[in-house]
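Here's a quick briefing on a protein model. Have a look at the structure, then read on.

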Amino acid sequence: MLSLLLPPARPRAAVSPDVTASAPRRPAVILPVARAPSSSLLSLPLPALAQGLGNNTADYARLAAALRDDHGVPAVAVARVSRPDWLRNAAGLVYPSYWRCTLRPRPVLDWYLKRVDEAVSEARELSPNEGISLIGHSAGGWLARVYMEEFDASDISLLLTLGTPHLPPPKGTPGVIDQTRGLLTYVEKNCAPAVYTPELKYVCIAGRYIQGAPLTGNTIATTDEILAVDTPSDVAEAVMVSTNDKSTQSGPTLRARFIGQGYKQVCGRADVWGDGVVPEVSAHLEGALNISFDGVYHSPVGSDDEQRPWYGSPAILKQWIFIR
């Protein structure tokens, strides 16, 4: 389920299926990144010794096929990565900036950015003279922002992120360690801010699969917090709005507590909604068109199109494919 809540001063949505249904499809490039779904901790391409391995190109084959075959995207390229490739990120351990939490994306992630550039070049060759859509999953979303800052992005007209942790964790929160070792702080300070214009659209999609809970205590929040984002343009902020019935609330499960500890490392709070890995509040960017989907899980690995759909499952895909 998708719900849009527009700010009071903006009486219309920035995008609707009716308005964009006749717009031509752009070629798309998918940027894969995610941890194995058995972990609730933040999925980022950090040194694999500490963070585990990410997804590979094959995990996005169904999404790529659906974009081409079911939705008419003229060309779809997926950045070519394998799970062992993430071991390259262990090189970051030798940099003093890693231990000072001031790590920069380059040169540690040059190998990944090169793979993205190769995929973008492939999409350009398959469908020349058209704008490019970047679809970044998880950390692939903020890595797309780094790519757009460092490489030729003149023909990129859409950045769509799926469950991307865009914001650095809050400083000074007890028990919170910056798992990005400063990477997201760098992105926030040095990459262009999100916009939603005819020339370039940022669309940030979050999932609300499970609400986390603190490690201790027997209560969870009974209403959903709506984050008001003040944007200077006509961007419509889209958020999921739901109300929990207090009469059916019970104490948090062990799973919710475990998931909550992962959320806390990302946004500083455990008692928030998210996709099981990335909190909803971290997956939205000021200035972008922000959308949340109820019941959507983080990763294609371990997902189920019926019981546990992820962002690329058919029923979810058809709700965001119109954005272009």
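Helices (H or I, at least four residues) and strands (E, at least two) are DSSP runs, numbered from the N terminus. Counted that way, the protein has nine helices and eight strands. Keep in mind that this is a predicted model, so to speak of local features a pLDDT of at least 70 is needed, side-chain atom pairs count only at pLDDT 80 or more, and totals for chains, interfaces and linings use all residues. Residues are numbered from 1 along each chain as its sequence is written, and side-chain values use heavy atoms, with hydrogens and water left out.

**The overall picture**

- Buried means under 20% relative accessible area, exposed means over 50%, and partly exposed is in between (1.4 Å probe, protein chains only).
- Of the 324 residues in the protein, 54% are buried.
- A contact means heavy atoms within 4.5 Å. Among the contacts with a separation of 6 or more, 77% are between residues 24 or more positions apart.

**Strands side by side**

- Two strands pair if DSSP finds at least two bridges between them.
- β3 and β4 pair in the parallel sense, with six bridges. Glycine 136 has threonine 161 in β4 as its bridge partner.
- β4 is mostly covered, as seven of its seven residues are buried.
- Strand β5 (residues 201-208) runs parallel to β8 and is joined to it by six bridges. Here isoleucine 205 stands opposite isoleucine 291 in β8.
- Five of the six residues of β8 (residues 289-294) are buried, so the rest of the structure largely encloses this strand.

- Leu63, Ala64, Ala66 and Leu67 are buried in helix α3 (residues 61-70). Seen down the axis of α3, its buried residues fall within an arc of 160°, so they line one face of the helix. That arc is taken from the directions from the helix axis to the C-beta atoms.
- Those buried residues of α3 pack against β1 (28-31), β2 (76-78), β3 and α9 (314-320).
- What about the other side of α3? There, Arg62, Asp69 and Asp70 are exposed.
- Just after α3 comes glycine 72, with a positive phi of about 70°.

- Is histidine 166 buried or exposed? Its relative accessibility is 1%, so histidine 166 counts as buried.
- Look for histidine 166 in the loop between β4 (156-162) and α7 (183-190). Leaving aside residues up to four places away in sequence, histidine 166 touches several residues, including Arg145, Cys204 and His284.
- Leucine 126 is in helix α5 (residues 110-126), and it counts as exposed because its relative accessibility is 53%.
- Leucine 126 and valine 76 are 50 residues apart along the chain, with 8.7 Å between their C-alpha atoms.

- On a 1 Å grid over the protein atoms alone, a cavity is a set of points where a 1.4 Å probe fits but cannot get out, and lining residues have an atom within 4 Å of a point. Grid points are joined across faces, edges and corners, and a volume is the space filled by probe spheres set on the points.
- By this rule there are three cavities of 30 Å³ or more, and the largest cavity holds about 120 Å³.
- Lining the largest cavity are 13 residues, and Val73, Ser133, Leu158, Ile321 and Ile323 lie nearest its centre. β3 (132-137) and β4 are the elements that give two or more residues to this lining.

Methods. 1 Å grid on protein atoms, 1.4 Å probe; cavity = no way out; pocket = protein on both sides within 12 Å on 5 of 7 lines; lining within 4 Å.
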